[in-house]
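Hi,

Here is the structure I promised to pass on to you. Have a look at it first, and my notes on what turned up follow below.

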Amino acid sequence: MPSRRTVLTATAGVATTLALGGTAHADAGTRDAKKPDDKRLRALIGRMTLPEKVGQLFVMRVYGHSATDPDQADIDANLKEIGVRTAAELIDTYRVGGVIYFTWAHNTRDPHQIADLSNGIQRASLELPRGLPVLVSTDQEHGIVCRVGEPATLLPGAMAVGAGGSRGDARTLGRIAGRELRALGIRQNYSPVADVNVNPANPVIGVRSFGADPGAVSALVAAEVRGYQHDRQVAATAKHFPGHGDTAVDSHYGFPVITHTRAQWDTLDAPPFRAAIAAGIDSIMTAHLMVPALDDSGDPATLSRPILHGILREELGYDGVVVTDSLGMEGVRTKYGDDRVPVLALKAGVDQLLNPPDLHVAWNAVLRAVRDGELTEARLDESILRILRLKARLGLFEDPYVSQREVTRTVGVPAHLAAADRIAERTTTLLVNEGGLLPLTPRRLLVTGADPASPSGTTGPPTGVLATAFAELGFRATALSTGTAPSAAAVAAAVAAARDADAVVVGTYNLNSAQKSLVEQLTATGRPVVAIAIRNPYDVAQLPGVPAYLASYSWTDVELRAAARVIAGRVAPRGRLPVPVQRADDPARVLYPIGHGLSY
């Protein structure tokens, strides 16, 4: 690995100066905690070629666990999708300013491998003429969206944190998660979600949001941002501007339209982003959706200058990095071709172009737009300056590398795991407890229901995790998975097993008719039934006959173990609904309001 001296030389000797200048802000977690020297950054930009400038704007996926020696299947995938063999070739060919890690791209097998990959990416870039450090990013929201799995610390997701309602827990979560990501060489995290989830049918946000109350969401967003950005750990990213919380369409597969008035947007969607900006957020991610009240052109927000420049930059006063959501999503590809999208995004005010479906097409489109005069080189320089400021604030010019020793000392350590358990215990929400059924005393227990795939590929299955947790609490627990869409045979098997148990714990996941039949038939056995909504808490409205119902807000191990401890009475339930639950028979009426939650 190149020494720190080599790194400084490779960046034209400006690194030390870039790391200096400015004064410390009163809140060390804010974006202005250490201001880089713009004069030196502009000098660095002035030495870049036009192709290098274009590359600096892109953040790209790449397959493989290694920057130079990935598996053959990953080489083949890279050649097919990107036209390069490895991450090192990607950087050499396109001079990309950022790389995004995904589980499915085999970037995140284990912590030590991730650190090696990050170092290999930095080495590949810094060894090039005028090489710059790379900003490595990922989506590590926790809860149902995690790219880095166990043995790293996995924490409760946003809606669970919303149920806990503790700013201190939100900040602790950010500090732990940020510390571990930094140790892995991941320095930009696409979290927290700042969307206010007011639509129970929202297919893409849901439990990724802190809740439905703009004030509560704002407070938790700001707290988590300060945690992530403490001591320059990682750049946090508030998403998805101007707000994705009230849509019934998933922008991965369609083009959502938000019908809020401007006044509604100001009071409902804007507050969490204002709070994030006030907390010093380093980057904000755009949404591929249309808000006619903000821009009636028919363009998605990602391509809207009135939204990104007029509102985000001028009205909200934000001058940090703006990054698109993935440019491979359908919501941004509906109206324009893949060659126009990156150009229009830059014209709208975007700085980082994330994960285009065809990098060759997108990269050359931007290059051609500058050479043809549609974009000026000065416009590129404006965005590159913001990107380099961020890299400088994160200390990437001083030392872009990570050490295996720090991985061992930081990632998944007992103190972090214990903190995750404590936070989770404060989030589990008891919605129904007829006749004081809970807490249960140790007995024969059937654990059944939905077993959705692990968000990170390293946890679960939920029925097995719950059964193990109950066994550790003194129960004789048996796990029987029925799936998210149980067949008649699976339901019959669960009902038969329930007759040999003293009580049943069943997990529901975005309740459908087959799951509803399972729970109703289990209840009909006469055995006490405890249901856990392991994703959306709205499930409870469709099962009024269940005597005890809890919400865990996710099916990752930390939240399931906390739910088991609550059911067993080892800890009292403390969570409160951060969203209202409407009646199933009359959605205009609220069954359980924000703040509902029982205890014992």
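**What I found**

Strand β7 (residues 237–241) is largely enclosed by the rest of the structure, because five of its five residues are buried. Buried here means under 20% relative accessible area, exposed means over 50%, and partly exposed is in between (1.4 Å probe, protein chains only). Strands and helices are DSSP runs numbered from the N terminus, with at least two residues (E) for a strand and at least four (H or I) for a helix.

Before going further, a word on the source: this is a predicted model, in which local features need pLDDT of at least 70 and side-chain atom pairs count only at pLDDT 80 or more, while totals for chains, interfaces and linings use all residues. Residues are numbered from 1 along each chain as its sequence is written, and side-chain values use heavy atoms, with hydrogens and water left out.

**Around β7**

β7 pairs with strand β8 (residues 283–286) in the parallel sense, over three bridges; two strands pair if DSSP finds at least two bridges between them. Within this pairing, T237 sits opposite S283 of β8. Together with helix α11 (residues 262–278), β7 and β8 make a right-handed β-α-β unit. Right-handed means that, with the strands pointing away from the viewer, the path from the first strand over the helix to the second runs clockwise.

**The six-stranded sheet**

Further along there is an open sheet of six strands with mixed pairing, in the order β11-β16-β15-β14-β12-β13. Its edge strands, each pairing on one side only, are β11 (429–433) and β13 (476–481). From one strand to the next, the twist averages 20 degrees. (Axes are lines fitted to C-alpha atoms, for helices over the stretch in contact, and angles run from 0 to 180 degrees between N-to-C directions.)

Helix α19 (residues 488–498) packs on this sheet and touches β12, β13 and β14, with its direction at about 165 degrees to that of β12. Contact means heavy atoms within 4.5 Å. Helix α20 (residues 513–524) lies across β12, β14 and β15 (529–533), and runs at about 170 degrees to β14.

As for the strand pairs, β12 (residues 444–449) and β14 (residues 503–508) run parallel and are joined by five bridges. The chain gets from β14 to β15 through α20, in a right-handed β-α-β crossover. On to β16: four bridges join β15 to this strand, the two running parallel, and A533 has A551 of β16 as its bridge partner.

How is β15 covered on its two faces? V529, A531 and A533 are buried on one side, and V530 and I532 are buried on the other.

T523 belongs to helix α20. With a relative accessible area of 27%, T523 is partly exposed. Leaving aside neighbours within four places in sequence, T523 is in contact with V529, G545 and V546. T523 and G545 are 22 residues apart in sequence, and their C-alpha atoms are 7.7 Å apart.

**Aromatic pairs**

A search of the whole structure finds seven aromatic pairs. Rings of Phe, Tyr and Trp (its six-membered ring) pair if their centres lie within 6.5 Å; planes under 30 degrees apart count as stacked, over 60 as edge-to-face and the rest as tilted.

One of these pairs, F470 with F475, is edge-to-face, at 5.3 Å centre to centre with 70 degrees between the planes. F470 counts as buried at 0% relative accessibility, and F475 does so at 4%. Y509 and W555 also form an edge-to-face pair, at 5.1 Å and 80 degrees. This pair links distant parts of the chain, 46 residues apart: Y509 is in the loop between β14 and α20, and W555 is in the loop between β16 (548–551) and α21 (557–567). Both Y509 and W555 are buried. Elsewhere, ring pairs link Y63, F102 and W104 into a cluster.

**Helix α5**

Which residues of α5 (residues 72–81) are buried? They include D74, I75, A77 and N78. The buried residues of α5 fall within an arc of 165 degrees seen down its axis, so they line one face of the helix; the arc is that of the directions from the helix axis to the C-beta atoms. The face turned away from the buried side carries the exposed residues A73 and K80. After α5 comes G83, with a positive phi near 85 degrees.

Happy browsing!
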